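Dear colleague,

Please find below the structure that I am handing over to you. My notes on it follow.

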Amino acid sequence: MAIAPRGRFAPTPSGDLHLGSLVAAVGSYLHVRSQGGTWLLRIDDLDAPRVVPGASDRIQHCLEAFGLHWDEAVYFQQPQQEHYQAALEQLVATGRVYRCQCSRKQLSQSTDSISVDGSLRYPGFCRDRQLSSDVEGSDRLNVQGLAAIALEDAWQGHYQQDLAQAVGDFILRRRDRLFSYHLATVVDDARQGITEVIRGLDLLASTPRQMALQQLLNLPTPHYGHLPLVVWPNGDKLSKQTKAPALDLRQAPALLSQAIVHLGLKLPAELQAAPVREQLDWAIAHFSAPRLSKQPDLRS
């Protein structure tokens, strides 16, 4: 018996949603709804210092204004700390986790090796130092010797990455004791039974790290799909960091039609100003993952 698909939208409450966020939400929603599945909302509030007061409530109100209604209670990361800790301890038991004292400043002064996502590739300075867990620092996963990770992306097609060459040993828990996005999202996806992860193309390069964690933790791997990004005229990603304007809920039908068209659907002209529910019903009936490749190639 086939498992009913379960998807999720997982925004960070560091500000209001913008058009790029809307494309990710709509893409995830259409992907799972077109298969008769369940769509969930997760608020990625793990990094408490970045959380903007009231942003979570505004995100929920915004999604409702666009007709994007979730099926279960909103899932927040902050109450899940014990589950992240248990996963970290399970990884420690594999012998692949070590304490690292390196700061960003030290790394920037000692290496110019860039990882696939643009950050510094960790050269392994603390890998063999066997530092005690009571030494102040971060916890890293030793990826040396792991097999290359490959996936068939619903939009981008085949993607493969050798973690040791493309990323290096990556952080599971930061120096300030906050768990990493990669560890938390893997635990959350498993706990929520997520089978479909549909998100922006900028996260494709991080997917092999999450798949490696799933393998080491004996957790299921969802199907992945990475959507074309919304960009400014100069090619920069539309984001909070690039001052993307918040969605104007008064323009919900027009903005939703933009998101639907961006996902490769030819929305009929007579629906482009229609109520959001009519647009979504049409899009669900006509949706498929077209394996778009309109963005710069992020392959390693």
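Just after helix 6, G193 adopts a positive phi of about 70 degrees; helices here are DSSP runs of H or I with at least four residues, numbered from the N terminus. The model is a predicted one, in which local features need pLDDT of at least 70 and side-chain atom pairs count only at pLDDT 80 or more, while totals for chains, interfaces and linings use all residues. Residues are numbered from 1 along each chain as its sequence is written, and side-chain values use heavy atoms, without hydrogens and water.

The buried residues are H182, L183, A184, T185, V186, V187, D188 and D189.

Helix 6 packs against helix 7 (residues 207-216) at an angle of about 55 degrees, with the axes 9 Å apart. The axes are lines fitted to C-alpha atoms over the stretch in contact, and angles run from 0 to 180 degrees between N-to-C directions. In this pair, Y181, H182, L183, T185 and V186 of helix 6 meet R209, Q210, L213 and Q214 of helix 7, where contact means heavy atoms within 4.5 Å.

Yours sincerely

Terms used:
Buried < 20%, exposed > 50% of the residue type's maximum accessible area, 1.4 Å probe, protein only. Helix = DSSP H or I, 4+ residues; strand = E, 2+ residues; numbered from the N terminus.
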